[in-house]
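Q: I'd like to learn how to read a fold from its coordinates. Can you walk me through it, feature by feature?

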Amino acid sequence: MIKHFSHARTAFKYGLKTLNIQKEDEILIPDFNCDVMLHPFSQLKIKYNYYEIDNQLKPDWHKLEKLITVKTKAVLMVHYFGQPQNIEKFRNFCNKHKLFLIEDNAHGHGGKFNDKILGTFGDIGISSPRKIINTQSGGILFNNTKIDFNFPQLPPYPISNNMNIIRNYLNYFPNFKLFLKKIIRKRPLYEDPKAFRELEILDYSVDEKSQELFNLTNWGKIIRDRQICYYKWQDFALSKGLKPVYDNLYPLANPWCFPAYTKSKDESAYWYKWGWKNNKLVFSWPTLPNELIYRDSSTLDRWKKLICFSTLSF
Ligand SMILES: Cc1ncc(COP(=O)(O)O)c(C=O)c1O
C-alpha cells in the first residue's frame with residue numbers, strides 16, 4: 001500500500017502508527033541523520049537510540065546488536081544519498097531479533113535494488129520525491145504490513161501558487177537558479193550544522209499541484225540524468241583529491257547528490273564557497289540534531305568533512 005503525504009517525516013510518523021509502535025517503545029536509528037526525522041518521535045512520544053555507522057555509512061553490526069533491549073521494536077535503515085544499504089543483512093538482522101525494518105529512501109525516490117523500488121523492502125518505507133523534483137510537497141509511505149490502520153483524511157499542504165510557477169520554471173535551469181539566488185541572498189552557511197533547522201510541521205497530505213508533477217515525471221530519465229552528473233562529479237572530485245563516500249554507485253540507484261570527504265572543515269568551507277561562486281550546488285548534510293552535535297562522538301567530525309555535490313547539474 002502506498003500513501004502520499006506532504007513530507008517524508010509525516011509519512012514516517014504515520015508509518016510508526018501503522019506498526020502500532022507505542023509510547024516508550026524504542027527504535028534504533030543511525031547516528032547520522034537529519035533533525036526533522038526526530039519530530040515524529042517527540043510527537044508520538046516514542047523513544048529512540050542511536051547506532052553507530054562507519055565512514056561508508058554502514059552499521060557496526062556488533063554494536064547494533066548490543067543495543068537491543070526488550071523495548072526495541074524496529075531498526076531504521078537509511079539509503080544515504082540514494083545508495084542502497086545491504087538490505088538482505090538488515091532484513092536477516094531484523095528477522096533474527098523479531099524487529100520491524102523501517103526503510104528510509106528519502107534521498108533516492110525511484111531508485112531500485114534488484115529491479116524492486118527502494119522503500120518497498122522494509123515493513124514500512126518512506127521516500128521524499130519532493131527532494132528530487134523540487135516540488136513544494138511530496139513524501140511517500142510504503143506499507144508492507146497487513147496491520148489494519150485507518151488513515152485519517154489530512155488537509156493538502158498549503159502552497160503558494162505564484163511560488164509554484166516560478167519554481168517549476170526555474171527547475172529546468174538549475175545553474176541559472178543558483179545564479180539568481182546569489183543576487184537576492186547571501187551564501188547559505190553550509191558549514192554550520194544548525195543553519196537549516198526547521199520547525200515541526202502539522203500533518204498534511206501532498207498538495208494537488210505537486211502530486212500532478214509527480215505523476216507527470218519521467219523518473220527513468222531523471223535517474224539517468226542524475227547518474228550522469230554523479231559520475232562527472234566523481235571524476236571531478238577524484239581529480240581534486242577528494243575521497244568519494246562510496247567506491248561505486250549502485251547501478252539502479254537514484255543519487256540525490258555525489259557525497260565525498262574532504263580532509264578538514266576548512267577544506268569543506270572552501271568547496272561551499274567554490275560552489276557558490278561557480279553557480280554549483282555544493283552543500284552539507286544533514287542538519288544535525290543538537291544531541292549529536294554536542295555529544296562526544298564521531299558524528300560531528302564526519303559531518304565537518306562530508307560535502308555533497310548536487311546531481312541536479314554539473
Ligand atoms: C535521510 C532523510 N530522511 C528523511 C527526511 C525527511 O524528509 P522530508 O523533508 O520530506 O520530511 C530527510 C530530510 O531531510 C532525510 O534527509
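Q: What percentage of the residues in the chain is buried?
A: A residue is buried if 20 or more other C-beta atoms lie within 10 Å of its own, exposed if 12 or fewer, and partly exposed in between, with C-beta atoms placed from the backbone. Here, buried residues make up 39% of the 314 in the chain. Keep in mind that this is a predicted model, where local features need pLDDT of at least 70, side-chain atom pairs count only at pLDDT 80 or more, and totals for chains, interfaces and linings use all residues. Residues are numbered from 1 along each chain as its sequence is written.

Q: How many helices and strands does the chain have?
A: Helices (H or I, at least four residues) and strands (E, at least two) are DSSP runs, numbered from the N terminus. This chain has twelve helices and 13 strands. Its radius of gyration (over C-alpha atoms) is 19 Å, close to the 20 Å from the globule rule (2.2 Å times the number of residues to the power 0.38), so the chain is as compact as a globular protein of 314 residues. The C-alpha atoms fill a box of roughly 50 × 45 × 35 Å along the principal axes.

Q: And contacts: what percentage joins residues at least 24 apart?
A: Two residues are in contact if their C-beta atoms, placed from the backbone, lie within 7 Å. Among contacts between residues at least 6 apart in sequence, 68% join residues at least 24 apart.

Q: Which residues of helix 10 are buried, and which are exposed?
A: Ser268, Trp271 and Gly275 are buried. They cover an arc (of the directions from the helix axis to the C-beta atoms) of only 60°, which puts them on the same side of helix 10. On the other side, Asp266, Trp274 and Lys277 are exposed. What covers the buried residues includes strand 12 (282-283), helix 12 (298-305) and strand 13 (306-310). Just after helix 10, Asn279 takes a positive phi of about 55°.

Q: Where else is there a positive phi away from glycine?
A: Lys45 has one of about 60°, in the loop between helix 2 (39-44) and strand 3 (47-51). Lys98 has one of about 55°, in the loop between helix 4 (87-97) and strand 5 (100-105). Lys45 is exposed, with 10 other C-beta atoms within 10 Å, and Lys98 is exposed with 9.

Q: Which peptide bond is cis?
A: Look at the one from Trp285 to Pro286, with omega near -5°. Pro286 is in the loop between strand 12 and helix 11 (290-294).

Q: Is Ser137 buried or exposed?
A: Ser137 has 26 C-beta neighbours inside 10 Å, so it counts as buried. Ser137 lies in the loop between helix 5 (129-133) and strand 9 (139-143). Beyond four places in sequence, its contacts include Ser6, His7, Arg130 and Tyr204. Ser137 and Tyr204 are 67 residues apart in sequence, yet 9.2 Å apart C-alpha to C-alpha.

Q: Last one: how many residues surround the ligand?
A: A residue is near a molecule if its C-beta atom, placed from the backbone, lies within 6 Å of it. Here 15 residues surround the ligand, the closest being His7, Ala8, Arg9, Ala106 and Ser128.
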